[in-house]
Amino acid sequence: MKKNRFEPLKNLYRKAISCLITLVIVTVFFEFWMRRFNGMMDRDFLGKGNIMMVVIYLVVTVLFFRAFNAYKIGYFKSSSIILSQVLAVICINMIIMLQLILMIGKVARLRVIISQVITMTILDILICLVLTFLLNKLYAFLFPPYRMLEVYGDYENTLRGKIGLRTDKYILEGSVHISESMWEIQKQILEYDAVLLNDIPTRIKNELLKFCFANSVRVYFTPKISDVLVKGAGEVHVFDTPLFLCRNTGLSIETRILKRALDITAALAGLILSLPITLITALCIKAEDGGRIFYRQERCTIQEKRFQIYKFRSMVENAEKVGGAQLAKENDSRITKVGAFIRKTRIDELPQLINVLKGDMSLVGPRPERPEFIAENVKSIPEFAYRTKVKAGLTGYAQVYGKYNTGFLDKLKLDLLYIEKQSIWLDLKILVMTVKVVFTKESTEGI
């Protein structure tokens, strides 16, 4: 196994480029502040005032870039990173624009402020495009993709095909079945940069994990449900024997109160702000075929409690009259022209803010499934019912990191990861990332 001499510098490189991107964007703001905005006020900021403005912009930049995963050059695809950076820059400069309008407080200056912020935003985006392109090229040169060996078992999944789409990070050069001897598998592992343990029995996985640890081999593995459930475990040091504690009690009372307050506030604001979109969508749906505007469907939330979910109708009337309950398929003939657009843009989900306000759902949580699909999946995956340990959500981990056509088992693992790690900060990050999902075509692909 040939080691890349630059590999130990990978984390340092990522931190360095994060600092570089932040420094450049903050420098652009500082130039605009000193040359444009500062002079618009009745009294110029001096010394500490200028430092305060830079610090505020720096904090907002770091928060949004981290929330959108905009620093992860070399981790995500270039297109995904650029989209994250564009959305982050727009959000940052919108907040700063509101701050400047309030600080300057002159209606006559409003047009100039907006035009200058737009110019600054365009400049930021161009700089991000150039930097991301160059830094990605350098990253690819310094850290070539890992030559990977797959160790697979008898369970079929689509992971191999997904890895084939990221040749910038992984090259799956070999594969070996677990029926081979352990000695042969370990011998082959040492010939590669990394190994993928793809859905193999726990006993074999544990043995290979120890072997890879002993030989400093990078290893990826698909987690079992039990692996996910211990993700949020805490350490207990009461005795001289190490213990892990899984409380399995969910959020604390005060966090639940805060989460509900966030749900109510955001749902009310969302309903008010989206009112123009709601009216236009309703008119378009009615004009296309004269049918109902809204669509109600039975779903399950916490403890499998059933409720009626509200959506804008995106399919023809009585779409399930023939065939019963079924997921939307790619190029589904039941989807109307208006429906295709509102599904891609997630506008069809807006009425669910009413469900959030009523308390049926939260803003963030596992997506509510239909009782028929839960009953069907529990037969093959008994743990699928674990998704209802928390209140269903308008968006969630599986919506941000998965797709509409992600398999039920993978959706379950993603939702369980959220349940084990849930916090107000994580909810806020998922809400921010949901904005990016709206602009990602793959997220709405049918099965």
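Me: What does the charged end of Arg36 sit over?
Reply: The charged end of Arg36 sits over the ring of Phe32, 5.2 Å from its centre. The rule asks for NZ of Lys or CZ of Arg within 6 Å of the ring centre and within 35 degrees of the ring normal.

Me: And which ring does the charged end of Lys72 sit over?
Reply: The ring of Tyr75, with 4.8 Å to its centre.

Me: What should I know about the model itself?
Reply: It is a predicted model, where local features need pLDDT of at least 70 and side-chain atom pairs count only at pLDDT 80 or more, while totals for chains, interfaces and linings use all residues. Residues are numbered from 1 along each chain as its sequence is written, and side-chain values use heavy atoms, leaving out hydrogens and water.

Me: OK, rings next. How many aromatic pairs are there?
Reply: The count is 13 aromatic pairs. Rings of Phe, Tyr and Trp (its six-membered ring) pair if their centres lie within 6.5 Å; planes under 30 degrees apart are stacked, over 60 edge-to-face, the rest tilted. Take Phe65 and Tyr71: their centres are 5.2 Å apart and their planes at 40 degrees, so the pair is tilted.

Me: Is Phe65 buried or exposed?
Reply: Buried, at 0% relative accessibility. Tyr71 is buried too, at 12%. Buried means under 20% relative accessible area, exposed over 50%, partly exposed in between (1.4 Å probe, protein chains only).

Me: What kind of pair do Phe384 and Phe408 make?
Reply: Their centres are 5.6 Å apart and their planes at 85 degrees, so the pair is edge-to-face. The two sit 24 residues apart and link distant parts of the chain. Phe384 lies in the loop between α13 (371-380) and β10 (393-395), Phe408 in helix α15 (residues 408-421). Helices (H or I, at least four residues) and strands (E, at least two) are DSSP runs, numbered from the N terminus.

Me: How accessible is Phe408?
Reply: Phe408 has 22% relative accessibility and counts as partly exposed. Phe384 is buried, at 2%.

Me: Sheets now. What order do the strands of the four-stranded open sheet take?
Reply: The order is β2-β1-β3-β4, with parallel pairing. Two strands pair if DSSP finds at least two bridges between them. The edge strands, β2 (170-177) and β4 (218-221), each pair on one side only. Neighbouring strands are turned by 25 degrees against each other on average, direction ignored. The axes behind that angle are lines fitted to C-alpha atoms, and angles run from 0 to 180 degrees between N-to-C directions.

Me: How many bridges join β1 and β2?
Reply: Seven, with β1 covering residues 146-152. Met148 has Leu172 in β2 as its bridge partner.

Me: Switching to α7. Which residues are buried there?
Reply: Ile204, Lys205, Leu208, Phe211 and Cys212. The arc is that of the directions from the helix axis to the C-beta atoms.

Me: What does the face turned away carry?
Reply: That face of α7 carries the exposed residues Arg203, Lys210, Phe213 and Ala214.

Me: And α11, which residues are buried?
Reply: In α11 (residues 337-344) they are Val338, Gly339, Ile342 and Arg343. Their arc is 130 degrees, so they line one face of the helix. Lys337, Phe341 and Lys344 are exposed on the other side.

Me: Last one. Where is Lys15?
Reply: Lys15 is in helix α1 (residues 10-37). Its relative accessible area is 59%, so Lys15 is exposed.
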